[in-house]
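Please examine the sequence and the structure shown below before reading the report.

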Amino acid sequence: QRRKDTLVLAMALEPSPGLDPTGGAASSIAEVTLYSVYETLTKIHQDGSVKPLLAESWEVSPDLTTYTFRLRKGVKFHNGEPFNAHAVKFSFDRAGGEGSTNKDRRTFASITTRVIDDHTVVLLTKEIDPDFPFLLGQATAIIVEPKSAPTNATQPVGTGPFRLENWARGVSVTLVRWDGYRNAAGIPLRRATFRFIPDPAAQAAALLAGDVDVFARVTPRSVPQFKDNPRFQLLVGASRAKTILAMNNKRKPLDDVRVRRAIAAAIDRKAVIQGAAEGYGVPIGSHYVPGALGYVDTTGINPYDPAKATALLKEAGVTGLDLTITLPPTPYARQGGEVIAAMLSRVGIRAKLQNVEWAQWLSGVYGNRNYDMTIISHVEPFDLGNFAKPDYYWNYQSPKFDDLYDRIRKTQKPADRARLLGEAQRLVAQDCVHAFLYQPQWVTVANRNVKGLWKDMPIFVNDLSALSWA
Amino acid sequence: MSVFLVKRLITLAATLAGTSLVVFLVLEILPGNAAQILMGPDASPEAVQALAARLGLDQPATGRYLHWLAGLFTGDLGTSYAYSSPVSELIAERLTLTVPLAVLAMALTTVIALAAGVYAASRHNKAGDLGVMALSQAGIAIPNFWFAILLILVFSVHLRWFSAVGFPGWEEGVWPALQSLLLPAVSLAVVQSAILARITRSAVLDVLREDFVRTARAKGLSRRATLWGHVLRNAMIPVITVMGLQFAELLAGTIVVETVFNLPGLGRLIFQSIANRDLVVVRNCVMLLAAMVVIVNFVVDVLYAAIDPRVKAATL
Amino acid sequence: MPLLDVSDLSITLRTQRGPARAVRDVSFTLDRGETAGLVGESGSGKTLTALALLGLLPEGAQVTGSIRLEGEELVGASEDRLCDLRGNRIAMVFQEPMTALNPVHPVGRQVAEPLRAHKGLDAAAARKEVIALLDRVGIAEAARRVDQYPHQFSGGQRQRITIAMALACGPDLLVADEPTTALDVMVQQQILGLVRELVRERGMALLLVSHNLGVIADNAARTMVMYGGSVVESGPTRDVFARPRMPYTLGLVAARPRLTTQQLDRLPTIAGTVPDLADLPAGCPFAGRCRYTVDACFVTSPPPEIVGPSHVARCIRLDAVQADLQGAPA
Amino acid sequence: MVLLAALLSFAWTPFPPLDIDMDSRLLPPGGPHWLGTDPYGRDELSLLLLGARSSIVVGVVAVGIGLTLGALLGLLASALRGWVEEVTMRLADFGFAFPALLSAIMLTAVFGPGMVIAMVAIGLYNVPTFARVTRASANAVWSRDFVLAARACGKGRLAITLEHVLPNVASVLVVQATIRFAIAILAEAALAFLGLGTQPPQPSWGRMLSEAQTLMGQAWWLALFPGLAIAVTVLGLNLLGDGLRDLLDPRLARDR
Amino acid sequence: MSAPLLQVERLVREYTLPREKLFTPPGLVRALDGVDLRINAGRSLGIVGESGSGKSTLARLVMALDRPTSGRVLFDGRDLHAMPSGDLRQARRDFQMVFQDPYGSLDPRQTVARIVDEPLAALTDATRDARRERVAAAIESVGLRRADMDKYPHEFSGGQRQRIAIARAIVTRPRLVVADEPVSALDVSVQAQMLNLMSDLQQAFGVTYLLISHDLSVVQHLCDDVAVLWRGRIVEQGPPSTLFASPRHPYTQALVAAAL
Ligand SMILES: Nc1ncnc2c1ncn2[C@@H]1O[C@H](COP(=O)(O)OP(=O)(O)OP(=O)(O)O)[C@@H](O)[C@H]1O
Ligand SMILES: Nc1ncnc2c1ncn2[C@@H]1O[C@H](COP(=O)(O)OP(=O)(O)OP(=O)(O)O)[C@@H](O)[C@H]1O
Ligand SMILES: [Mg+2]
Ligand SMILES: [Mg+2]
């Protein structure tokens, strides 16, 4: 029997290219290290609220361009160096600097960090973003120690309650409680191991065999077998992700909104959610998820209506439509693809499924925009802005939306923002830029006795400090 | 050194050189690059480019090939993009799993196949023979990943005798490590031993028909003594050829089995690295696998000569 | 009591086309120091008869009748007992020297095997004995060559090695199954000379199987002629060859081209081909090919008829044959 | 039998095989769906019948590639001997260095996953096997006297290869082909398991199996039936191979 | 005296042995070491000699199936090994071969008709029907039946197969037939049939034989002349009656002594 102060968590992918969240984009890096090894100024909680972490408090100037953070005192890095305003400045300058491989480099490049004293920093932003504190709670905004920063990928040094004990590449990362943590006594777990199990069948087997205690974001296909098993608890939480059938808005005949609408109308979102996610999803009508600020229900704009789909196609003068759906290797895409292809065939659209690897998706679909349609989940919390990017892979261009988005960015009052956001959602839905499918729900399967698990996951993180055994 | 060995060594070297070129060229035409994958779709293009430069992806191909070749000799195999650690270290780590797994599987294969094959041959056309052959037919017909999943369901999930997936590493002790390799090795060995058992059986039967077996019996040796003393060694000649080929399939089979059992072995490293376009790793791993196969076949040839004194004379 | 007493030996084989009586009612005796020849066409059952003496018949062969070695019954004897006898008291030399030796073991080891199995010699003692044996059968530099492999020897040398192997334990009975067929004339003479010498020296009984009449004529005192599984004629070699009675023997002897005879335009031949064992006629196996065939020949197997001093032939038309021979002397 | 199933699938399947029906997902065997349904509510039996087609195509093409190229190389090597033989056989050794799975993975990375790539990869891996078998048998034929007799008629190597060598190695090749056919079906299954074989929505037994593995705890029928289908086919092919071997065995067919 | 049909001059054939050591030159075997022979049309020459003395090598060289290291093979006055390949093909019609092994020398997958037809098809440009007639005639002349033409070799006994092989050799009406141990694989009684057949054919068609054997009695029966080959050299030659009655060379003496 395993000791009650250790826990084994499983995840599908191994952190890559290392354990430094500023060095790569993989969410798996954050899942292992954020809030456990590294800490940020703010901390995002499971309800999406932003609370202090390394910063004790902060103030915002009325024009939303100047943030003043007061830092926690007496905090040390794992290597004994003190945490202070200089570390903050170093971290943010590094993230936005030349040669930075930080995913959010562009954002950090627009920030200027001023050290006021050892425990006070001021951040000046050029772009207004009401969600700035949220951003500072993400893994790209971790505070690193200047001397150890270059080797963070293999020997991470942070201020968090855990430090790296061992990384068996391809197998697991083991973290142990750091006794120098400011609240070491309040951390129930002494050791946490992350095991990497990409194969869905192996994931299920590992859980069933008791090799693994917690598995966040389990492949939905495996979920039913745990549903009625008393040994396990199931946590179903909302995400900020949007799974869509993205369409190349410049390709003929997809440049005709009627064709796009016909496609959307041919798709029964409920069936897609069943087929792709075992029912773990909420239908969406636009690129926005329920629960986010300003959400409006747009699922009625392009409802499931095969007859209308046929009519629309006729109206557009399209017959015998052949389209290719390019599918990345994730299960939701491959499974959803099969369902959607079958549904499209009912309205006379022959959809050929083309499976590609990530590398090919990135270079073919994302890079060269060489595709008709693709199924993809956009996991970034707020990314309506992508519709305003002229060179984005969707090839969507709408002066109306660009204008609207510009206004959203400049609007500070939440109520106004919410209204504008609602407008933007409706516009995207009416233009039927994509066939918007669903907001996936993340399912966590865990041993019944594990306490403190997050249900909702606004960002991908495992808050180890909260976990314990019953 | 005999001409035989020298000749075989030269072809060995030529084969390996050819392999390196093929591997490099095939990987060169892969679409997509590692930097883009590492950074994901939401990363800014500057960050991607910065990473590409850091990884050396912007160098010309010939330069990288020669650099790699040189590295093969010095042991400096480059640095993995995805793991940002030396490839040689990475491979060495993975080999501590894959080699024992392959060896264990091969050992199981050999033991099961030889025992079953010899037994069947010695009871030619009797119930024992038919039984063994029926089993081996079944063994050949089962896809190994399917059998692997079955093993997990039975032994790990239901009986809980073994852990379902993963590998504790040799630091945790030899026994737990071996334990976690047992089911994978069995699922690899089932098909191969079924095939090998048939080969062994027919080889033994063929040898049993040889005149010298009758000679041996005429000297007053018992059936058993004849079998062990005269038949087996001669029967090993075709058996060893097949074993050499099987080792190659076994190594490739580890890709599947390592996936099912979630073992951090070389096979899975290749598989993942290709998906990640971590070409430095792929290149070296594929090269290594190919080299292992080629070397095993070389060893088979040498064994041949050791077993059968005529071969050396004939292939000189 | 004779050393070897075979009576009514019959062997039935299982073949694709049903059971085949490959050897039928063979009886003979053999004393120490005596050499008997067994001749006959290919497929007439010579090798099977020889193998039966060692209990080494192919799987699925059924044996009836009796084989007694100094009174001890070998048909149905236990495998262990047969293992004790084989290579020890009964030894055999096989036809094909190229394949009779195991290619992957040194010859010395192979010759030593019977010594170690029956005489319980240790490796060193056996080796010494082996070198002496190889020397005896005329392998030059035996001490150096014991560790070589069969492929390093010529056909004649290999045959000598198999003979050394057979002689290792000083057997009472040596069965030599066409020991020289695969060799050229010169080597053949050497080998036969060697065997003759050993028989004389050791008082061994020798059953010499061959289809080469010359070889038999030179070596065997008594000869049995086999055809279609039966011994169709037997008697003192000189009588059988000089005055053959059974029509098949007649044809066989006549068909042989001989250096000594004047060059003839045509050789006498036997028409037709050897019958298939699986569907052998009920009567005389030679019926149909024989120009003396009458209806009765097809009905029953002819009984042995005494035609001279210990000269026996199986034929119901002996009178007609005799009449013919006297009418037209060869 | 499998061939029959494949043929049958052109004419008739119990249900439209690729039509999804989310209301009848994962039904166990029985009722109108004899072998149950898959997670998209498709009829398992219909999919199996359709899958037989892919499996046969994979087998035929993979073996076809291996057989033609391999036999060609083997015949060439044995007809020309000398350095040609040496080079061909070294090439074959070289081919052995890349097991089907490995080359399939690499080819897939270049050309994208799919049945064609899988078939080509398996086929290429078969080439050295066939080349070796062919060469060995062909060499045996070349050493026979009837070849010498043909040469005494002034026949060239090409004519002898076509008239004498090929017919005499054909039986060995046929037997080998049935065995390789079975192995190809298994290899395709393994590739499909890794996601590199047949691509959706086209079913193949291997792909059905690999999809079933996640559901093995819930829907045993999905893993069982394709598994059985593969096993039965492979078994059948092996028996066919054994049968052919017996049929073509000179000791049984001829009186030697 | 007419010009010889076949004339062999100082024929040498060396085989290279595989190297034993890396830096030693490969060994050489001299299978034929300067053989001189001549056969006049209509006569038969027998070659006897122990195993490995070079008999088969000689046969292959005479048949132009192998190239000599040095020396010449003159057939009807023309050097076979110096001829352009087209001419050689033409010439092949005039010399054919019979092999020792009746099992290995017939392609098991061809019908008797096709086997016998092979030299006709390859070497003449007769029509299909004409060829079939000639094949049938050849088959009948070796004592088989016309009905046997569409059977396969495995349906025949060893002796019958050897007849088929002989039919193939004579179907083009060659002037020379090289027979490499044609009867040594056969039983005595069958052997007699074959020898009779060969001498019948010689009388009927005037074939010249080069008969290779290690059996002196066979050679004596069929040949007008005998040459004794020993370690690649002809050590003695003459009519069989004189040669066997009073052998001169020690090897021949031993050979004759052994055969008696
Ligand atoms: N294992 C066997 N199975 C079936 N038939 C056999 C077997 N061994 C021998 N025979 C048959 O039995 C008959 C007698 O065979 P045997 O070997 O005794 O003949 P032989 O007189 O020694 O001939 P040869 O001179 O060719 O050696 C032959 O027709 C042979 O085909
Ligand atoms: N291809 C070859 N390579 C090397 N040596 C050869 C080759 N063919 C024949 N020899 C050698 O040449 C010599 C003569 O061989 P050849 O076959 O002509 O003998 P032979 O008189 O026909 O013997 P046999 O009576 O055994 O058929 C032998 O020593 C043989 O080992
Ligand atoms: Mg015999
Ligand atoms: Mg020869």
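Predicted model: local features only at pLDDT ≥ 70, side-chain atom pairs only at ≥ 80, totals over all residues.

Residues are numbered from 1 along each chain as its sequence is written, chains are lettered from A and ligands numbered from 1 in the order in which they are written, and side-chain values use heavy atoms, with hydrogens and water left out.

**Chain B.** The secondary structure of chain B consists of 13 helices and 0 strands; helices (H or I, at least four residues) and strands (E, at least two) are DSSP runs, numbered from the N terminus. Of its 316 residues, 57% are buried, where buried means under 20% relative accessible area (1.4 Å probe, protein chains only). Among contacts in chain B with a separation of 6 or more, 73% join residues 24 or more positions apart; a contact means heavy atoms within 4.5 Å. Carbon and sulfur atoms account for 69% of the accessible surface of chain B, which is about 12000 Å², by the Shrake-Rupley method with a 1.4 Å probe.

Over residues 56-84 of chain D, the chain is 97% helix and 0% strand, with the end C-alpha atoms 34 Å apart. Over residues 219-240 of chain D, the figures are 95% helix and 0% strand, with the end C-alpha atoms 33 Å apart.

**Ligand 1.** Ligand 1 is surrounded by 15 residues, each with a heavy atom within 4 Å of the ligand. Helix α1 (residues 46-54) of chain C gives the most to this shell, with 3 residues. The table lists polar contacts, meaning pairs of N or O atoms within 3.5 Å.

| Residue | Atom facing an oxygen atom of ligand 1 | Distance |
|---|---|---|
| G43(C) | polar backbone atom | 2.8 Å |
| S44(C) | polar backbone atom | 3.2 Å |
| T47(C) | N or O atom in the side chain | 2.4 Å |

Taken alone, ligand 1 exposes 630 Å², and the protein buries 65% of that.

**Residue T49(C).** Helix α1 of chain C also contains T49(C). Is T49(C) buried or exposed? T49(C) is buried, because its relative accessible area is 1%. Its contacts, not counting residues up to four places away in sequence, include L9(C), V23(C), F28(C) and M226(C).

Technical notes
Polar contact = N/O pair within 3.5 Å; in protein donor to acceptor, adjacent residues only side chain to side chain. Buried < 20%, exposed > 50% of the residue type's maximum accessible area, 1.4 Å probe, protein only.
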